[in-house]
Amino acid sequence: MAALPVLALLLLAAWGGPGAAGQKRKEMVLSEKVNQLMEWASKRSVIRMNGDKFRRLVKAPPRNYSVIVMFTALQPHRQCVVCKQADEEYQILANSWRYSSAFTNKIFFAMVDFDEGSDVFQMLNMNSAPTFINFPAKGKPKRGDTYELQVRGFAAEQLARWVADRTDVNIRVIRPPNYAGPLMLGLLLAVIGGLVYLRGSNLDFLYNKTGWAFAALCFVLAMTSGQMWNHIRGPPYAHKNPHTGQVNYIHGSSQAQFVAETHIVLLFNGGVTLGMVLLHEAATSDMDVGKRKILCIAGIGLVVLFFSWLLSIFRSKYHGYPYRYVIA
């Protein structure tokens with residue numbers, strides 16, 4: 001009877017041994033993966049990965065860390081302008097995390113270029129770039145783990161909000177100093193100061209209604225075309241279809257826009273405004289009747305043409321809008 005406890009201990013050790021050894025081996029593999037990623041992250045904030053690295057460090061368990069991966073195509077022959085713009089913002093985000101005091105091994109930033117990891121694109125059935133995906137510490141990526149680039153844009157601040165939502169890691173984006181703004185302001189003040197100095201006591205130009213009206217009109221056109229939205233969201237300039245190569249300058253949704261789209265809208269709004277100005281001049285100026293008729297016809301033509309184009313853009317973004325105007 002005394003041999004029964006000893007036999008039970010031996011059986012328990014036999015059963016627990018392989019499990020304990022497996023757990024220890026799992027911890028060793030995890031430690032090696034984390035140490036490898038930390039070493040690479042210390043040299044470069046965004047870790048470049050090929051197919052083997054991606055499968056071993058991102059897809060294969062065990063993993064107790066999240067990996068934000070940017071799938072892109074940066075080689076010049078790919079001609080992906082958006083990829084380069086998104087990469088700049090992604091680098092800013094990764095550097096902000098790497099050099100912050102809160103940096104840990106809880107999250108890493110990586111990149112897979114199509115020319116270095118085309119097998120990864122095939123494995124994930126991915127046919128567009130750039131694309132951002134969060135691979136969580138546990139389980140597979142869910143729907144929300146794919147970043148909505150067309151809706152949110154690729155500004156580092158927007159990416160940081162998405163990362164915080166998916167990983168609970170808050171990153172304070174720190175941009176490199178940009179001296180363009182202060183330099184432009186200094187240049188503007190220098191020009192104004194120079195004009196004041198040269199004109200002396202004759203400051204009538206400051207009371208020029210036409211000059212102030214033109215400046216105000218330029219500001220209004222810039223704001224109504226969506227320039228502030230571009231500044232906040234950081235959308236791509238345009239979108240190139242990877243299959244057909246066709247470039248789209250107008251976003252097909254009312255929830256987003258491209259930078260090129262705002263430039264087009266700015267131009268069309270300016271055309272409508274110019275037409276209205278010509279109509280006003282035709283009605284109020286002291287020119288002879290023939291010139292006033294020419295101004296009137298030109299004004300009507302500009303308003304009709306550019307307003308029709310504006311309405312066509314509106315119809316392309318708000319599908320099902322029933323009204324059109326002339327050529328829209």
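Predicted model: local features only at pLDDT ≥ 70, side-chain atom pairs only at ≥ 80, totals over all residues.
Ring pairs join Phe54, Phe71, Phe114, Phe121 and Phe135 into a cluster.

**Overall fold**

- Among contacts in the protein chain with a separation of 6 or more, 65% are between residues 24 or more positions apart.
- The protein chain has an accessible surface of about 20,400 Å². Carbon and sulfur atoms account for 63% of that surface.

**Aromatic rings and charges over them**

- The structure contains 15 aromatic pairs. In the pair formed by phenylalanine 132 and tyrosine 147, the ring centres are 5.8 Å apart and the planes stand at 90°, so this pair is edge-to-face.
- Phenylalanine 132 belongs to strand β4 (residues 131–135), whereas tyrosine 147 sits in the loop between β4 and α5 (149–152); the pair therefore ties together parts that are 15 residues apart in sequence.
- Phenylalanine 132 and tyrosine 147 are both buried.
- Arginine 98 is placed over the faces of two rings. Its distance from the ring centre is 5.5 Å for tyrosine 99 and 4.9 Å for phenylalanine 103.

**Nonpolar cores**

- The largest nonpolar core has 25 residues, and the members that touch the most others are Tyr90, Leu93, Phe109, Phe132 and Val163.
- Two or more residues of this core come from each of β2 (66–72), α3 (81–98), β3 (107–113) and α6 (156–167). Helix α3 gives the most, with 7 residues.
- Apart from neighbours within four places in sequence, leucine 93 is in contact with Phe109, Ala156, Leu159, Ala160, Val163, Ile171 and Val173.
- A second, separate core comprises 22 residues, including Val58, Phe71, Val112 and Ile133.

- Helix α6 has 12 residues and spans 16 Å from its first C-alpha to its last, close to the 16 Å expected at 1.5 Å a residue.
- The buried residues of α6 are Ala156, Gln158, Leu159, Ala160, Trp162, Val163, Ala164 and Thr167. As background, an α-helix has 3.6 residues a turn, so residues three or four places apart point the same way.
- Aspartate 168 follows α6 and has a positive phi, near 65°.
- Helix α8 (residues 209–224) has 16 residues and reaches 22 Å from its first C-alpha to its last, close to the expected 22 Å at 1.5 Å a residue.
- Glycine 226 follows α8, and its phi is positive, near 105°.

**Serine 96**

- Serine 96 is found in helix α3. Its relative accessible area is 4%, so it is buried.
- Once neighbours within four places in sequence are set aside, serine 96 is in contact with Ile171, Arg172, Val173 and Ile174.
- Serine 96 and proline 176 are 80 residues apart in sequence, and their C-alpha atoms are 9.8 Å apart in space.

**Valine 120**

- Valine 120 lies in helix α4 (residues 118–123). Its relative accessible area is 0%, so it counts as buried.
- Leaving out neighbours within four places in sequence, the contacts of valine 120 are Asn50, Gly51, Phe54, Phe71 and Val112. Of these residues, Phe54 and Phe71 also belong to the ring cluster, and Phe71 and Val112 are among the members of the second core.
- The C-alpha atoms of valine 120 and arginine 55 are separated by 8.3 Å, although these residues are 65 residues apart along the chain.

**Histidine 251**

- Histidine 251 is located in the loop between β6 (247–248) and α10 (259–284). With 10% relative accessibility, histidine 251 counts as buried, because buried means under 20% relative accessible area.
- Beyond neighbours within four places in sequence, histidine 251 is in contact with Gln150, Ala256, Gln257, Phe258, Glu261 and Lys317.

Note on methods
Residues numbered from 1 in each chain as written. Heavy atoms only, no water. Contact = heavy atoms within 4.5 Å. Areas by Shrake-Rupley, 256 points an atom, 1.4 Å probe, with all protein chains shown as cover. Phe/Tyr/Trp six-rings, centres within 6.5 Å; stacked < 30°, edge-to-face > 60°. Helix = DSSP H or I, 4+ residues; strand = E, 2+ residues; numbered from the N terminus. Buried < 20%, exposed > 50% of the residue type's maximum accessible area, 1.4 Å probe, protein only. Lys NZ or Arg CZ within 6 Å of the ring centre and 35° of its normal. Expected span 1.5 Å × (residues − 1). Core = buried A, V, L, I, M, F, W, Y, C linked by side-chain atoms within 4.5 Å.
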